Amino acid sequence: MNEITPIKPTQSGPTCTAPMSGPVSQAEDGQALCARAPVGMLCELTHRCPLQCPYCSNPLELERVNTELTTEQWQDVMRQAGELGVLQIHLSGGEPTARKDLEDIVKTASESGLYINLITAGVTLTRERMGKLAEAGLDHVQLSIQDIEPENADRIAAYKGGMAKKREVVKWVKELGLALTINAPIHRQNINSVPAMIDFAVEVGAGRIEVAHVQYYAWALLNRASLMPTKEAFMKAARQVEEAREKFKGVIVIDAVVPDYYAKFPKPCMGGWARGIVNITPSGRVLPCHAAESITHLAFDNIKDKKLADIWLYGDAFQKYRGTEWMKEPCRSCPRKEIDFGGCRCQAFALTGDATNTDPACSLSPLHAQWAKVAEEESHSAPPAFVYRRVGGAKTVPAPETEPSGV
Ligand code: SF4
Ligand code: FES
């Protein structure tokens, strides 16, 4: 699965303006609930996937098919999301098209008034299935590419012939009148293709491309030494993005995600913990972000046991880092704390062992210099072989031993 950023829905709906922290009344009415609903819901329908990208944001312990929610359970989730006032859902995975009941889930989501985005690698789709999904109410397709150069794309995904298939898929998406975003996860082994990937997105008529530098948690953290670009390569790619924005102004929207280790300030991960996005795993665990299970002391409710609204508003894991009250210095007294919410909780936990620490991506973090040095060293060393994302794959090869001591 790739990163998600909220897309602009084409339908109007409730706008979440109420504060997301502080006590709330269990008795609040439907309108108030709606105002506090998440804007987006990421549904990981399955962790099954024919690709094995080494930067996948799925957890290292992938969920098995026999634990997945049933069709009826996912349909119930869609109805609850519609009632709660969620605007858009992102159907993701793994590879969501591995679910044979995807059309049924899409249909219920559409009937529930949700704007539906399918996040897919595209390689298992057919023209007939794409048509059925459009008929069921699909609005938007977010197609991932691994590279433009087919052999390198095959190597990164450990899957043969993916790029040729993607060229077919984009044609079908356009024929069916669906909105199209190209998602291009960027790392040291494809960063030279940034201009070609943007050209591809323009050529196929995408409305948007995400030039999204890999974020280092889950599989990407395990593969960080193979994926981290040099700062020079990143700066060059950033200039290329700026040039392309100028060249293709009014033609395509180019969103860019900076690699955290080279940032001055972190991104407001997920728009802030439990502020606008809720994530549901294949087995129904409800998370504030797709990597939240990496914070090992958090416990998560399951949609099989509780209502979505209850979990979103009152769930322990959601309340834990919502708002700014939990922050320590330097975030606590920082003027940016309502802008980036201290960065990424999962990254803070992964790199420092304490999720309430400032994300080391921030230049004001006392640990920032250490992590910038790690990036510098790893990106200038020969990249180790990929640890491919597969069930049990994380156990077969040890993680890179490069963490600075004393963290
Ligand atoms: Fe953001 Fe905290 Fe850094 Fe301030 S100190 S910029 S709030 S991460
Ligand atoms: Fe979990 Fe950033 S990935 S808060």
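The model is predicted: local features need pLDDT of at least 70, side-chain atom pairs count only at pLDDT 80 or more, and totals for chains, interfaces and linings use all residues. Residues are numbered from 1 along each chain as its sequence is written, while chains are lettered from A and ligands numbered from 1 in the order written.

Let's begin with the strands, which like the helices are DSSP runs numbered from the N terminus (helices H or I, at least four residues; strands E, at least two). Seven of the eight residues of S5 (179-186) are buried, so this strand is largely enclosed by the rest of the structure. Here buried means 20 or more other C-beta atoms within 10 Å of the residue's own, with C-beta atoms placed from the backbone.

| Pair | Bridges and sense |
|---|---|
| S4 (140-144) and S5 | five bridges, parallel |
| S5 and S6 (208-213) | six bridges, parallel |

Ser144 stands opposite Asn183 in S5, and Ala184 stands opposite Val211 in S6.

Now the helices. In H5 (150-157), Ala153, Ile156 and Ala157 are buried. The buried residues of H5 pack against helix H6 (162-175), counting contacts as C-beta atoms, placed from the backbone, within 7 Å. Ala158 follows H5 with a positive phi near 50°. In H3 (102-111), the buried residues include Leu102, Ile105 and Val106. Just after H3, Gly113 has a positive phi of about 80°.

Note on methods
Buried ≥ 20, exposed ≤ 12 C-beta atoms within 10 Å, placed from the backbone. Contact = placed C-beta atoms within 7 Å. Pairing = 2+ DSSP bridges.
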